[in-house]
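Q: I would like a close look at one part of this protein: how its strands pair. Please take me through it step by step, and then move on to the side-chain contacts elsewhere in the chain.

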Amino acid sequence: MVLDGDVFDVPIRKDIVHRVVRWQLAKRQQGTHSTKTISEVSGTGRKPYPQKGTGKARHGTLRGAQFRGGATMHGPKPRSHAIKLQKKVRRLGLKIALSARTAEGKLLIFEDLEVPSHKTKNIVQYIRQMDDSKKVLLVDGGDIDKKLKLATQNLHYVNVLPSIGLNVYSILQHDTLVMTRAAINRIVERMHTPINR
């Protein structure tokens, strides 16, 4: 199959890949961490003892940050960790990742990813036939075949994605990329559609 040079043969730029990976990891961070401020923490608001005459330090509450069971000052609150990245940079990152795998000779193209049965041993045999493939990413054009899903779900070194879900981080995590003809066509089409501004 003749691959599109605009997508599978672009100059490798580590800085772009780094930016895209940072964007991806920051965006997927849950950000559900939370601490309680002095207005939220449980406890009385009564002044513990008079302001003067005890010889102790003056306190207005026993739920300040310095007390056990007290508030947390400047602690984390639920928030989004996502950073912004231009669409054309994201797109370029995917092109670079695909180009890198192509240049290494680690991009395999199949007609389709149909498997005879849902048995895992079939997939294990296929992977063994591939030269020094430690981790494999299978990319199909449309929805993932049910048999293929069942056959690969128990293998930690084989992952399956539809072409719409293909991303830079997943490509970098797997040393071999197996794609169908349909997936290649869809990705090339996706890369050539104009960016909505």
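A: Happy to. One working rule comes first: two strands count as paired if DSSP finds at least two bridges between them. Please also keep in mind that this is a predicted model. Its pLDDT averages 89 over the protein, and 99% of the residues score at least 70. Among the elements, helix α2 (residues 14-28) has the highest mean pLDDT, 94, while helix α1 (residues 5-8) has the lowest, 84.

Now to the pairing itself. β1 and strand β4 (residues 176-180) run parallel to each other and are joined over four bridges. Within this pair, Ile109 is found opposite Met179 of β4. The two strands belong to an open sheet of four strands, whose order is β1-β4-β2-β3 and whose pairing is parallel. At its edges are β1 (107-110) and β3 (158-162), each with pairing on one side only. From one strand to the next, the twist averages 20 degrees.

Strand β2 (residues 136-140) is mostly covered, with five of its five residues buried. In a regular strand, side chains alternate between the two faces of the sheet. In β2, Val136, Leu138 and Asp140 point one way, whereas Leu137 and Val139 point the other way, and all are buried.

Is Asn167 buried or exposed? Its relative accessibility is 19%, so Asn167 counts as buried, because the cut-off for buried is under 20%. The side chain of Asn167 makes polar contacts with backbone atoms: the oxygen of Gly165 at 3.0 Å and the nitrogen of Tyr169 at 3.3 Å. Leaving aside residues up to four places away in sequence, Asn167 touches Gln24, Leu94 and Leu161.

Finally, the charged pairs. Side chains of opposite charge can pair when their charged atoms come close. The model has four salt bridges. One of them joins the side chains of Arg13 and Asp15, at 2.6 Å from N to O. Arg13 is partly exposed at 40% relative accessibility, and Asp15 is partly exposed with a relative accessible area of 40%. Another salt bridge joins the side chains of Glu40 and Lys77, at 2.8 Å from N to O. Both residues lie in the loop between α2 and α3 (87-103), so this pair ties together parts that are 37 residues apart in sequence. Glu40 is partly exposed at 41%, as is Lys77 at 31%. A further salt bridge brings together the side chains of Arg101 and Glu104, at 2.8 Å from N to O. Here Arg101 counts as buried, because its relative accessibility is 9%.

Terms used
Residues numbered from 1 in each chain as written. Predicted model: local features only at pLDDT ≥ 70, side-chain atom pairs only at ≥ 80, totals over all residues. Heavy atoms only, no water. Axes fitted to C-alpha atoms, helices over the stretch in contact; angles between N-to-C directions. pLDDT = per-residue confidence, 0-100. Buried < 20%, exposed > 50% of the residue type's maximum accessible area, 1.4 Å probe, protein only. Polar contact = N/O pair within 3.5 Å; in protein donor to acceptor, adjacent residues only side chain to side chain. Contact = heavy atoms within 4.5 Å.
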